[in-house]
Amino acid sequence: MTVALESLTTCFQGLLPAQLFTCSADGIPNAAYLSHVDYVDSTHVALSYQFFNKSRRNITENPQALVFVPDPDTGQGWSLRLKYVRSETEGPLFDRMALRIEAIASYCGLKGIFKLRAADIYEVLHVEPVAEEVGTVRPQSHQAAAAAASPIFTINALQTLSARIHRADSLETLVDSILLALEESFGFSHSMFLVPAEEKDVLVTIATRGYSENGAGAEVRLGEGICGMVAEARKPIRISGLMRGMLYALAMHREAQNPDSKRRRIPLPGLPNPESQLGVPLLSRGELVGVLCVESEVPYRFHEEDKASIELLGSYLAIAVQNMLLQERTADTIAEPAAAAPPIAALAPSAPAQTRREVVYYAADECIMVDGEYLIRSIPAKILWRLLSAHEATGRREFTNRELRLDKSLNLPEWKDNLESRLLLLRRRLEQKCPQIGLISCGRGRFALDVRCELALATRP
Amino acid sequence: MIEPDLRAFLEGGLGIHIGTRTARLEPNGARALAVKVEEDRLHLIVYLADAAARRVVPDLRANSAVAVGFARPVDERACQIKGIFVDVRPAAGDERRVIEEQWEWFRANLERIGIPRIGTSGWPTWPAVAIRFRATTVFEQTPGPDAGTLVAARS
């Protein structure tokens, strides 16, 4: 082999289409396009087997193949002379390839339609540059691409993230610190943080960074989109060349005409045209604490060598989030009752009402609408309704997490109620949809309701 | 054999690859720059940079078997035409315009899916050779279960 295969890992991101040349036993050549070539080890690659097509038939007759893969960083094409070895229908490699296919299909709302039949393993016999696909040195001015070529998860960046995490004193500041550090230290300006919702197999977005709307409350089912796939598989997913992958999936969909595929596209908060996405499950002792998703318009943003760092980062963030939740709950448990607590002096008096907002609680749906527009549902809706009702009846503005936990009408779970996550979600939804109502933190386990409008409360069945 | 709409697709600035094979059935391949469908709608001329042609022309001269894959990056529509090699010659000066026009369309298509022109700026387009072949079969190749379906055949 003239060139080491491991030096070509950038070619295996699926950013540019690859070509596969085969030949039947009776001497008829075949030229086909490939969605993806996967790096296996220094002497092997894997090709996805999704349909029993002519290339696959040829390989069963004649195991020789030739593949062209272009390097997305330089444009240099590489020719890999291959020999088919075996097919894998399970195991880490198969799972990784299947997950990528499913994640892209799911992002298009086409989950479950495209199945990976096997990961076909080929020995790489020879590697050489393609003479008519000559690479060029990237000019210095191409900053986005240059940034893409540099490593991301450096020790310095991780140290900065760690310092921010240690300074956080609440779930809100912790999550915001993580997203801020991802931008300042790692250069990821678009990110989102999701946690398990009350409803089984649903994730809810509690914080985002870099988008025009904060996206709080956006829900994703397990297995839907990159975040849903990450939560379902409990494995990181990294996709480069997402647009190409989506075009490939949509082309297959048009061809397949599967009646089950008429599903709505998932309304994820996110970039309109993401090229790279990275989803990380936040796992602590096997429990899914949340999902962190970052995305970029740069096609090849996340590198192969970052994979271990990404998994480590996920574990670290999971522990940080879980510790914060436990800390808040513990502090809350030993706190004095609200009546005995000192008044919240820092809170400014409510501003005079200049606008009127109609807030309606729909009991059957456990959901709140503001001026006819959906605000929030489930436990956060019940919490807000309790606060607003108390405020209307008595003028009360100060509340504690503890009293919410003791309120049986909210039906919070006895263990792991995720109250802090729910309050954070509620706060973010109010900021976005009804900024005249605010929840202001007043120290651990205490907060104030800040109403700066005239409220008209109503309940409906 | 090559219906008008297929011809328009083929000549619309696609990713084109030519496949051949050796006497030992080893596959070979090269990237092509452009294609021209002749008026008889049976013969095609595929244009390759000189550097690319060197790898596949010996195979064509030895056994005549040829397969050409076409793919449009913006929607992944693809087809493959198989046939019999007829002849090869240097591309003439007046064919350069066809080559450069289709090549630019192809690069514009790549740009539409986020692949900048700089990535292909070093790929040679001239001098080129013209490989003429007679089509025998056309196959659907858009990704999906119908990839490989025979669209047209002529012996």
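Buried area is the accessible area, taken with a 1.4 Å probe, that two parts lose on being put together, summed over both. The size of an interface is often given in this way, as the accessible area lost when the parts come together.

## The model and its numbering

This is a predicted model, in which local features need pLDDT of at least 70 and side-chain atom pairs count only at pLDDT 80 or more, while totals for chains, interfaces and linings use all residues. Residues are numbered from 1 along each chain as its sequence is written, chains are lettered from A and ligands numbered from 1 in the order in which they are written, and side-chain values use heavy atoms, with hydrogens and water left out.

## The interface between chain B and chain A

Between chain B and chain A, the buried area is about 3,700 Å², and carbon and sulfur atoms give 61% of that area. In terms of contact (heavy atoms within 4.5 Å), 50 residues of chain B meet 45 residues of chain A.

Two salt bridges are counted between the two chains; a salt bridge is a side-chain nitrogen of Lys or Arg within 4 Å of a carboxyl oxygen of Asp or Glu. A salt bridge joins the side chains of B:Arg31 and A:Glu133, with 2.5 Å from N to O. There are also 20 residue pairs in polar contact between chain B and chain A, both residues being at pLDDT 80 or more. A polar contact is a pair of N or O atoms within 3.5 Å; within protein, one must be able to donate a hydrogen and the other to accept it, and residues adjacent in sequence count only if both atoms are side-chain atoms.

On the side of chain B that touches chain A, at least two residues each come from strand 1 (15–21), strand 2 (27–32), helix 2 (50–63), strand 5 (65–71) and strand 6 (78–90) of chain B. Helices (H or I, at least four residues) and strands (E, at least two) are DSSP runs, numbered from the N terminus. Strand 1 of chain B gives the most to this side, with seven residues. By class, the side of chain B that touches chain A holds 24 nonpolar, 15 polar and eleven charged residues. Here Ala, Val, Leu, Ile, Met, Phe, Trp, Tyr, Cys and Pro count as nonpolar, Asp, Glu, Lys and Arg as charged, and the others, Gly among them, as polar.

## The seven-stranded sheet of chain A

In chain A, seven strands form an open antiparallel sheet in the order 2-1-5-6-7-4-3; two strands pair if DSSP finds at least two bridges between them. Strand 2 (29–34) and strand 3 (37–41) of chain A are at the edges with a single partner strand each, so one side of each has no neighbour in the sheet. From one strand to the next, the twist averages 35 degrees. Axes are lines fitted to C-alpha atoms, for helices over the stretch in contact, and angles run from 0 to 180 degrees between N-to-C directions.

Ten bridges pair strand 6 (residues 77–88) of chain A with strand 7 (residues 118–129) of chain A in the antiparallel sense. A:Glu88 stands opposite A:Ala119 in strand 7 of chain A. Helix 1 (residues 54–61) of chain A packs on the sheet, and among the strands it touches are strand 1 (18–23) and strand 4 (44–49) of chain A; the direction of helix 1 makes about 45 degrees with that of strand 1 of chain A.

## The four-stranded sheet of chain A

Another open sheet of chain A has four strands in the order 16-15-14-20, with mixed pairing. Strand 16 (373–377) and strand 20 (454–460) of chain A are the edge strands, each pairing on one side only. Strand 14 (residues 356–362) and strand 20 of chain A run parallel and are joined by seven bridges. A:Val359 has A:Leu457, in strand 20 of chain A, as its bridge partner.

Strand 15 and strand 16 of chain A pair in the antiparallel sense over four bridges. Their hairpin has two residues between the strands, and A:Asp371 takes a positive phi near 50 degrees there. Helix 11 (residues 419–433) of chain A lies across strand 14 and strand 16 of chain A, at about 170 degrees to strand 16.

## Local features

The peptide bond from B:Trp126 to B:Pro127 is cis, with omega near 0 degrees. B:Pro127 is in the loop between helix 3 (96–112) and strand 7 (128–140) of chain B.
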